[in-house]
Each structure stands twice: as structure tokens, then as C-alpha cells.
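Welcome! Take a moment to look over the sequence and the 3D view, and then we can walk through this protein together.

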Amino acid sequence: MGTVHAKVSNDTSTNVGDFAKQTGLKEQAEEPDIKEADLQKVNARVDRITIDGLGRTKDDIVEDCIKELFKAKDFQEVLLKAHKARVNLDELGCFKNIGVYIDTSKGPKATVDGLEVTFDVKEYKRVTGGISTHVGNNEGTVLVGLRAPNILGRGEKVQIEYSYGSKKTSNFNLSFINPFRGRHRPTIRTSIMQAHSEWPSSGYKQLEKGLIVDLGFYSTSIFKHNLQWEGIIRDLNTLSRTSSFEVREQAGPTLKSSIKHILSVDLRDDLIFPSGGSLTQVTSELAGLGGNIGFLKNEIFFQDNFSILEDIVLQFSFMTGYLTPVSKDKKVTVVDRCHVGGPLSIRGFETRGIGPHADGDALGSNAYWATGLHLFTPLPFRPGRGGFGDLFRTHFFVNAGNVGDFSLEKTSKSDFLEIIRNNMRISYGLGVALRFGNMARLEVNYCFPYKFEKGDQTHPGVQFGIGLQFL
């Protein structure tokens, strides 16, 4: 960003040519002149900052977002800090539109290199709402929401949401969100929730009611943390008369009280079709601080993207998890255990189709790992290039993984590696991926399960998947 290239306009070139013909002079180079300007050598400082459009938003939180602009010493630094200030204002959740305008400073207090920066903002209405559709986790959802943004003038927000999914899931959520000032950008979110879900692959349905408190903050500019406490009453019931005995004996109400920490580092250049960068997410959950559910569960998800040629991307992804019971007096149910398989993880298998089953119901295990190698390319012959065709990618993949009751304490390293190698599931295939804005992507793949175990539920042939985070 330190160098700006400027070209002489076409109109200017034409006038020069006409002048040469009229005077009989030989016309010089046809290409326009290119001038370079190093913005770091352009002295500049900010004399004044104006915020247009403020209503109920308090001055102190706005000043905290823009104060770094006054420390800029050259024009490049002004541009970078103005962009950063705009991002800070947007993160407050108070404004619908934010425009930034930079002009030379005017007035009796103007300096030689002084600039005036104006932020033109438009606040949200006091109450907003609407009906929308969302896609994710291989399910379409209708969402009805009502929000009261910036109710106290410092970004506080109350929102009520109700959603109903195509797989008979429903969710009600009442949340109060309170952001705080500071370089770590802390935000506290308190939610009262009720959720109903059905899992035909495991033969159960579940109703959850409870309270969730989430503290989000950044330890650095890229390390995002979420520290959560969940207090949830769960009522698990069989889905049909054919549900297995192993699922039936776990039916009934339970109380889960847990602390969860989520660390996220997202360096990708795009959420749906990244061409570079990586995503790392580490989740640790300790349940058993009250209630009758108790376990320690650690999970890791990693994705890295490499641009090979123009619009050809090689993607590697890996995820693993391990669950340990914390007490003999605490339960671990099929809801808490690890499940793998399906169009969003190991393709070519049914949802939760890998691992222990009883009468067709997936029971889950205490450990899993899965990996994927993907090649994304444009559609053959590039139809609709620069427009609708850019929403599609051709997709080639290989998936591998395993799930089982592995014991890290009682198994030697060589035996553990042998278990993983012998029981590995492998699938491969190809298909087409479609982008839905920054909301989700749809995959239509033709899958070939290559290696599987007795009792696994495979899905050879065409398989649909829709969601935001795929393996």
C-alpha cells in the first residue's frame, strides 16, 4: 500500500497526440506515463475529526474508536488508521452505514500538512426485526428475529430469535449483549435458551432449556477467545419404537453445568472459498461443576489453503477430539460423545455413520480423528466467468478418519497407531460446490466409500451437503 501508481488519462493522451500532429512534431511513446508516489514520504497529520450522524450513541465510546488517528505521521498511516477506526466503529454494532472522507484541513487552526477526517454514520433504529432464511449443518432454517440495538448508547443490544429448521429443530433465544471498551474488545453475552432437536441417526430427540453466559475477547489482534458457562436442563427421549435399548436406557432428564473455552485464529482471505490462509479452532469443555453430567472434552479443528495456480486451490483440513469421564457418579450420554460421518465431515458415509451402532443407532465414542485433502478449481471452460460462474467450483476430495473407544492411558504408542491404521475409513469423490454469499456453501458430490468397517453406514453415489464449516 506504500506505493500508488497513477496514469495519465486517455483524454490527455489524445490532446497531446492532436497537438503533435498540428505542430508537425513526432508523437512520442503511446503508453501513458506512470508516476509513483511513496505515501510514507507524504507528510500528513490529522487536525480534526468530525462524526456526522450521531444521535443516542455516547461520545466516549466513539472517541475511543478514533483517537489513534491523531497519532498518524504520514498519509499512509492516516489511511491505515482511518480504516482501523472504521472497523472499530462497525464492531460497536451501533451503526448501519459508515462512510469515511479525508480532506485538507481548513480554518484558522489548520496546519501545513493537516487533514480533516469525517466519519458519516447512520445509526440503527431503536427496534429492528424481520424474517430470514439460513442454511447450515445440512439444514435449512427460517429465523424470526426482533432486536433493540444500542439501547443505552454504548452498543448494548437485546435480541429475541426463534428459528425452525427443515429437520424439525426449533430454537428460542433471548440475549443481552454488552460490549466494553479496551484493546481486548471484551463482550459479555447472556442468553436464555430453549432448543428442540431430532437425531434419526442416533434414534433420539432432545429438549434443552437453560442459561448461557459468554465472555468474548481478543488476547491479540488475531487470537479470539470465548469463555462460556452453560447451565442446561436436557430431556432426552427416544425418537420411535424402534430406537435401540442402548439409547432407551439413557432417556430422561439430566442437568449439565459446564465451562467451555474456544480459541479461534482465522487468517483465511474468504470464509467460503478461501484461496490462502488458515483457520485454527481449539475447544475445551469441562462438565460436572454441578448437575449429573460430567466429562472433559477437547477438540481441535485446523484448515490450511494453498493457491497453486490462478483460481486453483489445494486445501488440507484436520479435526480430532477426545472425551474423558471425570467421575463415576456423573453420566456421559450419547449427546456428549463423539460422532463422525456425513457430508460435512467424512463424505461417502451417512450422518454419524462411522463407529459403534446398536440396531442402526449411532452411539458415539470417546475419541475421533478425521482429515481431508481437497482440490478446488473453476468450472470447465469457465462459463459465466466474472459473474454467476464464479459462484461455482469443481471439487475433488479424499477423506479419511476413525472413531472409537480408544484409551490413551492403557494403550502403548505402537498399539494405538496400529488401531488407527487398521480401522481407518477412507472415501473419495468429486462434485460441484456452490457459494451462497458469505452465509454457506452447497456441495453436490459423487462419493466412493473405499474403506469401511462392518456396521458402518455408507452413502455411495450422490450426496448433498450444505453448511459453513466443512472438513
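## A run of antiparallel strands

Strands β9 (residues 170–179) and β10 (residues 187–199) run antiparallel and are joined by 10 bridges. To find one of these spots in the predicted model, look for Phe-172, whose bridge partner in β10 is Gln-194.

On to the pairing of β9 with β8. These two strands also have an antiparallel pairing, here over eight bridges. As background, most residues other than glycine have a negative phi.

## The protein as a whole

Now step back for the wider view. The protein contains five helices and 23 strands. It has 471 residues, and 40% of them count as buried.

Its accessible surface is about 26000 Å², with 57% of that belonging to carbon and sulfur atoms. How much of the contacts with a separation of 6 or more comes from residues 24 or more positions apart? Such residues account for 59% of those contacts in the protein.

Next, find the open sheet of three strands, which has the order β3-β5-β4 and mixed pairing. Its edge strands are β3 (45–52) and β4 (95–104), each of which pairs on one side only. On average, and with direction ignored, neighbouring strands of this sheet are turned by 20 degrees against each other. Strand β5 (residues 114–123) pairs with β4 in the antiparallel sense, over nine bridges. Here Phe-95 has Glu-123 in β5 as its bridge partner.

Two helices belong to this picture. Helix α3 (residues 75–91) lies across β3, β4 and β5, and runs at about 160 degrees to β4. In helix α2 (residues 59–66), the buried residues are Ile-61, Val-62, Cys-65 and Ile-66. Which way do the buried residues of α2 fall, seen down the axis? They lie within an arc of 125 degrees, so they line one face of the helix. The buried residues of α2 pack against β3, α3, β4 and β5.

How many disulfides does the protein have? The count is zero. Cys-65 is in no disulfide, and the nearest cysteine sulfur, that of Cys-94, is 8.4 Å away.

Ser-244 sits in the loop between β12 (224–238) and α4 (245–248). With a relative accessible area of 0%, Ser-244 is buried. Leaving aside its neighbours within four places in sequence, Ser-244 is in contact with Ala-358, Asp-359, Asp-361 and Leu-363.

Asn-150 is in the loop between β7 (139–149) and β8 (157–165). Although Asn-150 is not a glycine, it has a positive phi of about 55 degrees. Asn-150 is buried as well, with a relative accessible area of 1%. Arg-352 lies in the loop between β16 (312–325) and β17 (357–358). Phi of Arg-352 is positive too, near 60 degrees, in a residue other than glycine. Is Arg-352 buried or exposed? At 9% relative accessibility, Arg-352 counts as buried.

Key:
Residues numbered from 1 in each chain as written. Predicted model: local features only at pLDDT ≥ 70, side-chain atom pairs only at ≥ 80, totals over all residues. Heavy atoms only, no water. Disulfide = S-S within 2.5 Å. Helix = DSSP H or I, 4+ residues; strand = E, 2+ residues; numbered from the N terminus. Buried < 20%, exposed > 50% of the residue type's maximum accessible area, 1.4 Å probe, protein only. Contact = heavy atoms within 4.5 Å. Areas by Shrake-Rupley, 256 points an atom, 1.4 Å probe, with all protein chains shown as cover. Pairing = 2+ DSSP bridges. Axes fitted to C-alpha atoms, helices over the stretch in contact; angles between N-to-C directions. Arc of directions from axis to C-beta.
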